[in-house]
Every structure is written in C-alpha cells, then in structure tokens.
Amino acid sequence: MAVNYQETDAGQLLPIGGIGIFVGQAGVKKPQHDDLTLITLDKGCTVGAVFTQNRFCAAPVRVCKAHLAQAEHIRALVVNTGNANAGTGEEGYARAVEVCGAAAKRAGCQTNEVLPFSTGVILEPLPAGKIAAALPKAKEADWTAAARAIMTTDTIPKAASRAGQVGGSHTVRATGIAKGSGMIHPNMATMLGFIATDAKISQPVLQLLTQETADMSFNCISVDGDTSTNDSFVIIATGKCGQQEIDNIADPRYGQLKELLGGLALELAQAIVRDGEGAGKFVTIEVANAQSRDEAKQIAYALARSPLVKTAFSASDPNLGRLLAAAGYAGVPFDENKLKMWLGDVLVAENGGRAAGYTEEAGQRIMDEAEITVRIDLQRGRESATVYTCDLTHEYVRINAEYRS
C-alpha cells in the first residue's frame with residue numbers, strides 16, 4: 001500500500017469547465033477492466049506538454065509532438081493502459097494515429113487535434129482495433145474514474161484539486177491526475193500526468209509554465225532510476241474562469257498560477273513516490289548550499305537511485321556510510337571536510353567523518369519511521385534542491401519479475 005497516502009474522495013475533485021471525461025474497456029491486457037480514457041476539450045482551450053527525453057521514445061510521444069506542431073487547437077486526449085506502444089517502429093506510429101482517428105470521430109474533431117498516450121508493456125504491438133472499437137462505448141465519467149483507468153501497477157489512483165485567487169478578482173480551479181509506480185526517474189515529467197485548469201493563458205506562455213511546473217515537481221522524483229519511454233505531462237487551460245488571458249510571463253498572475261499549479265503537480269508527483277512499487281518508506285533528500293541547483297540535484301539523485309542506500313532504508317538499517325559514499329561519487333567537487341549531513345533531526349556527519357554526538361540509537365530512531373528526511377549542507381554556495389524517493393524492497397523485485405505474467 002502507498003506510504004501515508006489515501007485515495008482522494010471524488011467529491012473533493014473540482015470539475016473544470018470545458019472538459020469532458022469518458023472511460024471505457026478495450027481489453028488491451030485484462031478483460032472487463034477500465035483501461036481507456038478519453039478527455040475532450042472545448043474549442044478555445046490551450047495545451048502545454050512535455051515528454052520523455054528517452055531516445056527510445058514511444059510512438060504516441062512522437063505522434064503527440066507531431067500533432068502539437070500541426071494543429072491550431074487540441075480537442076481531445078486518449079489514453080490506454082496495458083500496452084506502451086514503445087519499440088514498435090513505424091507500425092506503432094500508424095496504430096497510434098489510427099487510435100487518434102477513432103477518438104476524433106467520438107470527439108467531433110480532426111485526427112491531428114487528438115493527443116494519444118499509452119502505458120504498459122514495451123515492445124508489443126498496440127491493439128489499435130480494440131481501442132477504436134471501445135471508444136464509441138466509453139461512458140461519461142469523473143476525475144476519479146479517469147485516475148483509476150490510467151493505472152498500471154499503481155495500487156491507488158492519484159488525483160487532486162486546488163483553487164486559489166489569481167489576479168485578485170478571479171478564483172482559478174485546477175484538477176489533476178497522474179499514474180506511475182515503477183520505471184520512475186523522469187527527465188521531464190512522469191509516466192503520465194494531466195492537469196486541467198479553468199485559467200485563460202496563451203499557448204506559448206502555457207508551454208513555458210508546463211516546463212517550469214514539471215521541473216519543480218515530476219522532475220524531482222525517483223522510484224527506481226529508470227526513465228520511461230512514455231513519460232508525458234500535459235496542462236490544459238480552458239479559459240472558463242472569466243479572466244482576461246495571461247499572455248506574458250511578466251504578468252503578476254503568471255507567478256500566482258505557477259504557484260497554484262506547481263503545488264498541485266508536486267502533490268501528484270509525491271503520490272507517485274508514495275505508491276512506488278513495493279515502497280514502504282517515503283524519503284525526502286534535501287541538498288543545500290551548492291554552487292548551482294543542478295549540482296545539488298546531482299547529489300540528491302545519486303542518493304535517490306543508489307540500490308545500497310534504498311535497501312538500507314528498506315531494512316531500517318542506519319548504515320549511513322552508504323549515503324556519504326553516494327554523495328561522494330555524484331561527480332560534484334565539494335570539500336568533504338565542510339559537508340554536513342543530517343538524518344531527520346540527527347547530525348550524522350561533519351568534518352569529514354562521523355559527527356561527534358552521533359549514536360546508532362539516534363540513527364535507528366529515524367530509520368524506523370515511515371517518512372525520512374536526509375539533509376546535506378555542502379557549504380559551497382547558495383543553491384539547493386530537493387528530491388523525493390522511496391526504499392527498494394523484495395516486493396519491488398516480485399512485481400517487476402512478474403510484470404508480464
């Protein structure tokens with residue numbers, strides 16, 4: 001089960017004007033299982049999107065990029081689980097376009113006004129015919145149903161809403177869903193994440209906002225160090241809140257909207273880590289006083305993806321030399337005699353070695369907790385970064401050993 005995370009009640013998820021949600025059963029991997037989601041957009045919506053940096057990106061990612069470049073407006077998103085349509089060559093691309101065509105008929109738009117998303121097994125042909133046949137039968141649903149329908153190895157649907165003042169006179173609402181549990185070490189976003197807001201924002205500005213939002217949320221998580229072939233993160237702005245359009249990042253409302261959507265995205269990103277495959281611990285790694293945010297993040301990620309560090313967390317073992325070793329091989333030329341490290345509220349290391357007041361009992365007290373914070377002070381600059389990760393358990397191995405069963 002997810003670490004200190006519960007499913008959001010459907011009544012707490014805010015509807016967003018201009019958005020339609022439908023779910024269906026295509027039987028891609030399992031019969032009688034919701035594995036298909038269609039999100040329709042009213043005319044006038046704007047869309048920002050970022051995608052995986054994996055060189056072996058999936059066919060739907062390539063189609064998304066092409067359609068975003070071709071179409072003046074995006075009118076629908078279609079998502080299937082059970083099959084990633086990755087490593088499928090030009091045939092995979094053609095099948096993704098075929099799905100877009102079927103979704104376009106249901107949404108009443110052009111094929112290139114549809115963005116496709118897939119998640120599941122890699123290197124298997126996408127059963128586009130099954131998906132196309134199921135789309136006309138997809139039933140109107142809510143955000144909770146959509147969050148559940150995009151799940152693969154997730155144990156719990158991930159959804160959240162926020163509302164806040166943007167510009168002082170308008171309340172802006174936003175709702176988002178995400179899926180991901182394994183193969184999580186994003187280099188742009190997450191496995192799949194979608195946020196809709198009723199703010200009105202021009203497409204070029206929304207694209208920048210999407211990139212910045214990803215960098216402060218989904219690009220700060222790691223479950224297992226593997227970047228997916230299908231990572232995609234999308235923000236939809238419907239403009240239904242009644243405000244004038246935000247068309248410049250100098251507009252004070254841009255910063256207010258960024259804070260609102262950034263908080264929502266971070267909540268969803270952390271939910272992915274809390275529901276990491278087999279996870280029993282949620283770990284926050286803070287690196288402070290670096291020369292740049294990138295080098296702070298480099299050290300944080302070295303700890304977050306180290307199997308030795310992650311298994312120590314799993315065993316609640318205060319074998320803290322593993323943390324120092326990971327920081328040391330991260331490739332950042334810090335002075336080890338200046339570095340300080342804390343485990344929770346316990347100072348563990350300083351002056352190049354074990355802190356004078358550290359005891360095994362104090363370390364054990366922190367390692368026994370379900371949520372753990374590691375803080376590292378490099379004392380070489382003023383920049384910082386925070387990364388969220390989980391432990392590595394026997395259950396992770398089992399899940400992935402049986403993934404195609």
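Student: Which helix and which strand each supply at least two residues of the lining of the second largest cavity?

Tutor: Those are helix H4 (143–149) and strand S7 (158–165). Helices (H or I, at least four residues) and strands (E, at least two) are DSSP runs, numbered from the N terminus. Keep in mind that this is a predicted model, where local features need pLDDT of at least 70, side-chain atom pairs count only at pLDDT 80 or more, and totals for chains, interfaces and linings use all residues. Residues are numbered from 1 along each chain as its sequence is written, and side-chain values use heavy atoms, with hydrogens and water left out.

Student: OK, but what counts as a cavity?

Tutor: The search runs on a 1 Å grid over the protein atoms alone: a cavity is a set of points where a 1.4 Å probe fits but cannot get out, while a pocket is an open set with protein on both sides within 12 Å along at least five of seven lines. Lining residues have an atom within 4 Å of a point. By this rule there are two cavities of 30 Å³ or more.

Student: What volume does the second largest cavity have, and which residues line it?

Tutor: Its volume is about 30 Å³. A volume here is the space filled by probe spheres set on the grid points, which are joined across faces, edges and corners. The lining consists of Glu7, Thr8, Leu13, Thr144, Ala147, Pro157, Lys158 and Ala159. By class, that is four nonpolar, two polar and two charged residues. Ala, Val, Leu, Ile, Met, Phe, Trp, Tyr, Cys and Pro count as nonpolar, Asp, Glu, Lys and Arg as charged, and the others, Gly among them, as polar.

Student: And what's the volume of the largest cavity?

Tutor: The largest cavity comes to about 60 Å³. It is lined by 13 residues, and the closest to its centre are Asn80, Val99, Pro116, Phe117 and Ser118. Strand S4 (76–83), helix H2 (89–107) and strand S5 (114–121) each give at least two residues to this lining. Its classes are 10 nonpolar, three polar and no charged residues.

Student: New topic! In strand S3, how many residues are buried?

Tutor: Six of the six residues in S3 (residues 46–51) are buried, meaning under 20% relative accessible area; exposed is over 50%, and partly exposed is in between (1.4 Å probe, protein chains only). Thr46, Gly48 and Val50 point one way from S3, and Val47, Ala49 and Phe51 point the other way.

Student: Which strand does S3 pair with?

Tutor: S3 pairs with strand S11 (residues 232–237) in the antiparallel sense, over six bridges. Two strands pair if DSSP finds at least two bridges between them. Phe51 stands opposite Ser232 in S11.

Student: What about helix H8: which of its residues are buried?

Tutor: In H8 (residues 307–314), those are Val309, Lys310, Ala312 and Phe313. Seen down the axis of H8, they fall within an arc of 155°, so they line one face of the helix. That arc is taken from the directions from the helix axis to the C-beta atoms. The face turned away from the buried side carries the exposed residues Pro307 and Leu308. Just after H8, Ser316 takes a positive phi of about 55°.

Student: Last one: is Asp345 buried or exposed?

Tutor: Asp345 counts as exposed, because its relative accessibility is 56%. You'll find Asp345 in the loop between strand S13 (340–343) and strand S14 (346–350). For contrast, look at Leu126 in the loop between S5 and helix H3 (128–134): Leu126 is buried, with a relative accessible area of 1%.
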